Number of protein chains: 2
Amino acid sequence: MAPLLSGLWPPVATPFRPDGSVDEPRLLAHSRQLLADGAHGLAILGTTSEANSQTLEERHRAIDVHIEAGIPGGRLLPGTGACALGDAIALTRHAGAVGAAGVLLLPPFYYKKVSDEALFAFVAKLIEGCGEKMPRILLYHIPPVAVVGWSDALIGRLIEAFPEVVVGLKDSSGDKANTLRLIQAFPGFAVFPGAEAYLLDALRAGAAGCISASANINAAGLRALLDRWQDPDAETLQAGLTAVRKAVESRGLLPAVKTLLAERYGHAGWRDVRLPLQPLSDAARAELLADPAVASLLVEAAAA
Amino acid sequence: MAPLLSGLWPPVATPFRPDGSVDEPRLLAHSRQLLADGAHGLAILGTTSEANSQTLEERHRAIDVHIEAGIPGGRLLPGTGACALGDAIALTRHAGAVGAAGVLLLPPFYYKKVSDEALFAFVAKLIEGCGEKMPRILLYHIPPVAVVGWSDALIGRLIEAFPEVVVGLKDSSGDKANTLRLIQAFPGFAVFPGAEAYLLDALRAGAAGCISASANINAAGLRALLDRWQDPDAETLQAGLTAVRKAVESRGLLPAVKTLLAERYGHAGWRDVRLPLQPLSDAARAELLADPAVASLLVEAAAA
């Protein structure tokens with residue numbers, strides 16, 4: 001497996017202080033823990049990071065926090081998409097300046113029904129605007145949230161025009177058939193499923209790795225399947241991942257993930273999310289913690 | 001009609017220079033022309049202004065440009081919504097500091113299927129965060145674009161909790177039944193249809209005014225109906241507005257409006273839009289200019 005833009009890149013969740021500000025020391029501690037658990041790098045500033053609920057200034061700062069703490073830029077894959085091209089260029093340049101492994105690029109998501117032509121031009125202008133600081137791009141395809149997505153025709157055109165830059169895609173469509181089709185359609189293009197429910201099938205088809213919210217609480221489990229997907233116990237590993245994923249997803253993915261991080265780190269503040277998301281209710285939390293898949297995960301983490 | 005938050009508030013289109021930057025002198029000239037044409041005030045930084053395609057810095061600057069030119073804050077109704085509460089607070093405070101008549105507030109629009117509870121909390125935190133600088137709010141309801149919208153139940157709750165602040169709503173649902181229902185459901189609440197296709201019916205039901213993209217090119221026409229909706233020629237005025245609206249809407253609302261502004265002001269640069277929108281093709285432009293409703297509008301503007 002190539003060292004960059006493959007493997008496990010958890011979309012790092014963001015802890016907040018009681019006053020709502022980003023808890024930078026706990027963010028760093030979590031990022032370090034994920035690397036220790038087997039992550040190849042850190043997909044900071046994604047949907048799971050609540051990046052779009054952070055001010056533009058906070059988003060720039062999240063990159064600096066990691067660099068200042070000595071985490072190499074090559075371990076970072078920040079989300080730098082924005083509705084305004086100018087904001088996206090500024091964030092992407094910043095990521096490029098610190099030597100980020102790449103950026104996860106949302107399409108501009110305010111206007112809907114925009115043309116492939118316009119999205120192509122948006123990416124072209126972004127690349128032009130970043131000049132020599134342009135890091136590699138993983139297209140971020142998450143139509144259930146952003147609504148605007150990257151079509152197959154557009155992906156093909158972008159790869160052809162910018163083969164050194166547009167090198168992959170995170171597929172958070174939740175649609176296994178879509179992931180498998182993209183892998184087949186674009187050989188050499190790094191496709192990352194955005195969830196691990198069908199990770200084994202995706203790896204067998206040629207997926208580059210995984211970028212999944214639940215990697216925040218199950219990085220070691222995900223890494224195990226990435227390393228051993230050709231081993232006889234791969235189906236068992238996949239079943240374990242699927243059980244954990246279902247446990248969190250059925251209760252509200254991000255609030256559930258942060259609830260488990262609060263348990264793992266023994267810090268209730270981790271349960272906080274920013275508006276317009278809301279934390280799990282006490283009842284949902286109790287139900288989540290009683291889920292067998294979750295309970296065994298927490299025991300493993302405590303023993304590690 | 002009360003002087004504020006009623007009447008005609010065109011969502012001011014934004015001209016760009018060849019390098020893509022905001023053409024501030026032409027923006028101001030257009031704003032002044034709209035006031036001269038009969039607008040009660042200026043809904044800057046809306047969807048038609050391509051506000052979400054402008055950087056956060058440009059959005060702050062658009063407010064200052066008007067104030068520095070001597071346009072009173074009370075004539076401004078800036079859009080200050082943002083996905084990040086912190087960005088929305090900063091913009092709204094800025095609008096409050098210059099004495100804006102109000103702000104048009106989009107809900108945070110990245111995450112979908114968010115709860116009314118969370119949107120209520122978002123508005124409450126915004127009001128808290130702005131403190132004494134809090135201007136009045138017009139909720140901005142545009143589900144065809146933002147997807148996230150303001151439900152009737154939530155509107156009722158916001159009015160009850162913040163009766164002095166949450167004073168109205170711009171309804172860009174495109175759904176006449178929705179506008180009429182809101183007017184009936186919330187007496188005293190200022191409801192502005194986001195398009196003039198059913199303006200007469202809305203005014204008869206008690207609408208506060210109109211905030212419509214096509215007001216950029218037909219402010220005098222819209223003002224005439226607002227002033228004379230009880231006159232015998234009201235149906236004729238409405239028919240004229242509807243014809244113009246259809247001419248632009250059927251070709252792509254904002255690019256068509258900007259194409260007509262280029263004609264009116266004799267400046268081709270007005271045709272430019274920012275990505276991810278695209279300007280009208282030459283063919284669509286020719287078709288638009290040949291539309292009888294548009295042709296007579298341009299003749300009237302030239303004669304004025």
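Which are the buried residues of helix 13 of chain A? I looked this up in a predicted model, where local features need pLDDT of at least 70, side-chain atom pairs count only at pLDDT 80 or more, and totals for chains, interfaces and linings use all residues. Residues are numbered from 1 along each chain as written, chains are lettered from A and ligands numbered from 1 in written order, and side-chain values use heavy atoms, without hydrogens and water.

**Confidence.** I noted a mean pLDDT (the predictor's confidence in each residue, from 0 to 100) of 96 for chain A, with 99% of its residues at 70 or more. ipTM is 0.96 and pTM is 0.96.

**Helix 13, chain A.** I took helices as DSSP runs (H or I, at least four residues), numbered from the N terminus. Helix 13 spans residues 292–303. Its buried residues (under 20% relative accessible area, 1.4 Å probe, protein chains only) are A:A293, A:V294 and A:L297. They lie on the same side of the helix, because they cover an arc of only 90° around the axis, taken from the directions from the axis to the C-beta atoms. I found them packed (heavy atoms within 4.5 Å) against helices 9, 10, 11 and 12 of chain A. The face turned away carries the exposed residues (over 50%) A:P292, A:V299, A:A302 and A:A303. At the N-terminal end, A:D291 caps the helix, with a side-chain oxygen 3.0 Å from the backbone nitrogen of A:A293.

**Cysteines.** I found zero disulfides (cysteine sulfur pairs within 2.5 Å) over all chains. For B:C83, the nearest cysteine sulfur is that of A:C83, 5.7 Å away. B:C83 is buried at 11% relative accessible area, and A:C210 is buried at 0%.

Terms used
Helix = DSSP H or I, 4+ residues; strand = E, 2+ residues; numbered from the N terminus. Expected span 1.5 Å × (residues − 1). Polar contact = N/O pair within 3.5 Å; in protein donor to acceptor, adjacent residues only side chain to side chain.
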